[in-house]
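Subject: Structure for you to look at, with notes

Dear colleague,

Here is the structure I promised to pass on. My notes follow below it, and I would be glad if you read them with the model open.

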Amino acid sequence: MTPTPAGPEDAPRLAALHARSFERPWSAEDLAGMLDGEGALAFAAEAGFILLRSVGPEAEILTLAVAPELRRQGLGRALLDAGLSAARQHGAEAVFLEVAADNAPAAALYAASGFTAVGVRRGYYLRAGGSAVDAVTLRLRLPSPAA
Ligand SMILES: CC(C)(COP(=O)(O)OP(=O)(O)OC[C@H]1O[C@@H](n2cnc3c(N)ncnc32)[C@H](O)[C@@H]1OP(=O)(O)O)[C@@H](O)C(=O)NCCC(=O)NCCS
């Protein structure tokens, strides 16, 4: 269950994992493009993955997903830790992400890792039923790699 680096060649299985965690799945083609993009950092295990983009002093968590039947066993945290560590090594001084305001599990995970809310985008996510949900922007400041 230890996360290992992932690349564009992993896109099909990561897309399958993504589709099990989000209402609006990303295609393997889209994921391959992101994994091949500037500053892409990704880690995966059998049951989950994280994808970040780290450019200059800022990194962004683009997605994080763990298979529903294997949640609450520490994989989400392990993926997040791998991604944060890689972003720090890559020179990022802060990591950002957006999380749906009603996503309690993710909010708890990020809060436990030190992220704090720095903004809200009203009605950013459109649910399948048609309702709109706010996105909360979270930020974590990273210590320098030398620290
Ligand atoms: C968010 C997600 C990745 C967490 O993965 P996970 O493997 O279950 O997380 P972990 O087992 O490592 O949990 C780490 C901590 O997060 C918090 N947490 C995770 N799930 C939680 C839940 N359902 N309720 C409350 N806290 C939760 C807890 O603090 C937990 O620590 P603990 O188990 O010691 O209490 C997973 O729920 C998921 O894939 N959700 C759907 C996709 C998603 O929302 N991704 C994030 C988008 S920004």
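Which residues of helix H1 (residues 11-19) are buried? Before the answer, two remarks on how to read these notes. Residues are numbered from 1 along each chain as its sequence is written. The model is predicted, and local features therefore need pLDDT of at least 70 while side-chain atom pairs count only at pLDDT 80 or more, although totals for chains, interfaces and linings use all residues.

**Helix H1**

The buried residues of H1 are Ala11, Leu14, Leu17 and His18, where buried means that 20 or more other C-beta atoms lie within 10 Å of the residue's own, exposed means 12 or fewer, and partly exposed is in between, with C-beta atoms placed from the backbone. Seen down the helix axis, these residues fall within an arc of 120°, so they line one face of H1; the arc is that of the directions from the helix axis to the C-beta atoms. An α-helix has 3.6 residues a turn, so residues three or four places apart point the same way. On the other side of H1, Pro12 and Ala16 are exposed. The buried residues pack against helix H2 (28-35) and against strands S2 (40-45), S3 (48-55) and S4 (58-66), a contact being a pair of residues whose C-beta atoms, placed from the backbone, lie within 7 Å.

**The fold as a whole**

The protein has four helices and seven strands, which are DSSP runs numbered from the N terminus (H or I, at least four residues, for helices; E, at least two, for strands). Along the sequence they follow the pattern β-α-α-β-β-β-α-β-α-β-β. For 147 residues a compact globule would have a radius of gyration near 15 Å, and the protein, with 15 Å, agrees; this radius is taken over C-alpha atoms, and the globule rule is 2.2 Å times the number of residues to the power 0.38. Of the 147 residues, 29% count as buried.

**The core**

The largest nonpolar core has 36 residues, and those with the most contacts inside it are Ala42, Phe43, Phe49, Ile50, Leu52 and Leu79. Such a core is a set of buried Ala, Val, Leu, Ile, Met, Phe, Trp, Tyr and Cys residues joined through C-beta atoms within 7 Å. Among the elements that give two or more residues to this core are H1, H2 and strand S7 (132-141). Leaving aside neighbours within four places in sequence, Ala42 is in contact with residues including Pro5, Leu35, Phe49 and Ile50.

**Around the ligand**

The ligand is surrounded by 20 residues, of which the closest are Arg71, Gly76, Arg77, Ala108 and Leu109; a residue counts as near if its C-beta atom, placed from the backbone, lies within 6 Å. S4, helix H3 (75-89), strand S5 (94-100) and helix H4 (104-112) each supply at least two residues of this shell, and H4 gives the most, with six.

With best regards

Notes: Contact = placed C-beta atoms within 7 Å.
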